[in-house]
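Please read these notes with the model open beside you.

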Amino acid sequence: MSNIKDTVAGAANAVSDAAKTVGHKIAEGASEAAAFVKEKAGLGCSATGESAGVAGIHERMEVYASCGKKVGVVDHVEGNAIKLTRKDSPDGQHHFVPTAWVGRVHENHVHLTKNSVETESNWKSDAGSCAG
């Protein structure tokens, strides 16, 4: 009888330990998810000088593609897009990059999740309204 009791007690302890482990993993995941949402929503600032999300984007910040190539300079944020300056554009036109492409924002530059080829082939241009 005591052998069955010991087996049941051992099983109960194992289940209790497993539940604690799962609870800790869920808490870790929730914390990581909250940090991700704060970053994307532009809430807070990290110790490395990275601003969280697109709210940290401001005029004259350099914009880099995921491959490290500079693709432009921020003129301003317009709706859900970053308007790049004409002066720093290869064709002298404003280009618009969706804010959804922003991977992270540092104190003086923006890092995109797209490489330079993807960025330059998919950005929007307002060439018609920038004739002068």
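1. A nonpolar core is a set of buried Ala, Val, Leu, Ile, Met, Phe, Trp, Tyr and Cys residues joined through side-chain atoms within 4.5 Å. Buried means under 20% relative accessible area, exposed means over 50%, and partly exposed is in between, with a 1.4 Å probe and protein chains only.

2. Some ground rules apply. This is a predicted model, in which local features need pLDDT of at least 70 and side-chain atom pairs count only at pLDDT 80 or more, while totals for chains, interfaces and linings use all residues. Residues are numbered from 1 along each chain as its sequence is written, and side-chain values use heavy atoms, with hydrogens and water left out.

3. The largest nonpolar core has 15 residues. Ile57, Val63, Val74, Ile82, Val102, Val110 and Leu112 are those with the most contacts inside this core. Two or more residues come from each of E3, E4, strand E6 (102-106) and E7. Helices (H or I, at least four residues) and strands (E, at least two) are DSSP runs, numbered from the N terminus. In soluble globular proteins, nonpolar side chains tend to be buried together.

4. Which residues does Ile57 touch, not counting those up to four places away in sequence? They are Val74, Val77, Ile82, Val102, Val105 and Val110. Contact here means heavy atoms within 4.5 Å.

5. Strand E4 (residues 81-84) pairs with two other strands. 4 bridges join E4 to strand E3 (residues 70-78), and the two run antiparallel. Another 4 bridges join E4 to strand E5 (residues 95-98), again antiparallel. Two strands pair if DSSP finds at least two bridges between them. His76 stands opposite Lys83 in E4, and the bridge partner of Ala81 in E5 is Pro98. E3 and E4 form a hairpin with 2 residues between them, and Gly79 in the turn has a positive phi of about 65°.

6. Which way do the side chains of E4 point? Ala81 and Lys83 point one way and Ile82 and Leu84 the other way. All of them are buried. In a regular strand the side chains alternate between the two faces of the sheet.

7. How many salt bridges does the structure hold? There are 3. A salt bridge is a side-chain nitrogen of Lys or Arg within 4 Å of a carboxyl oxygen of Asp or Glu.

8. Arg60 forms a salt bridge with Asp88, with the closest N and O atoms 3.7 Å apart. Arg60 lies in the loop between strand E1 (50-51) and strand E2 (62-64) and Asp88 in the loop between E4 and E5, so this pair ties together parts that are 28 residues apart in sequence. Arg60 counts as partly exposed because its relative accessibility is 44%; Asp88, at 26%, also counts as partly exposed.

9. Glu120 and Lys69 meet in a salt bridge through their side chains (3.3 Å, N to O). Glu120 lies in helix H2 (residues 116-122) and Lys69 in the loop between E2 and E3, so the pair ties together parts that are 51 residues apart in sequence. The side chains of Lys70 and Glu62 also meet in a salt bridge (3.4 Å, N to O).

10. His109 touches Met61, Glu62 and Tyr64, not counting residues up to four places away in sequence.
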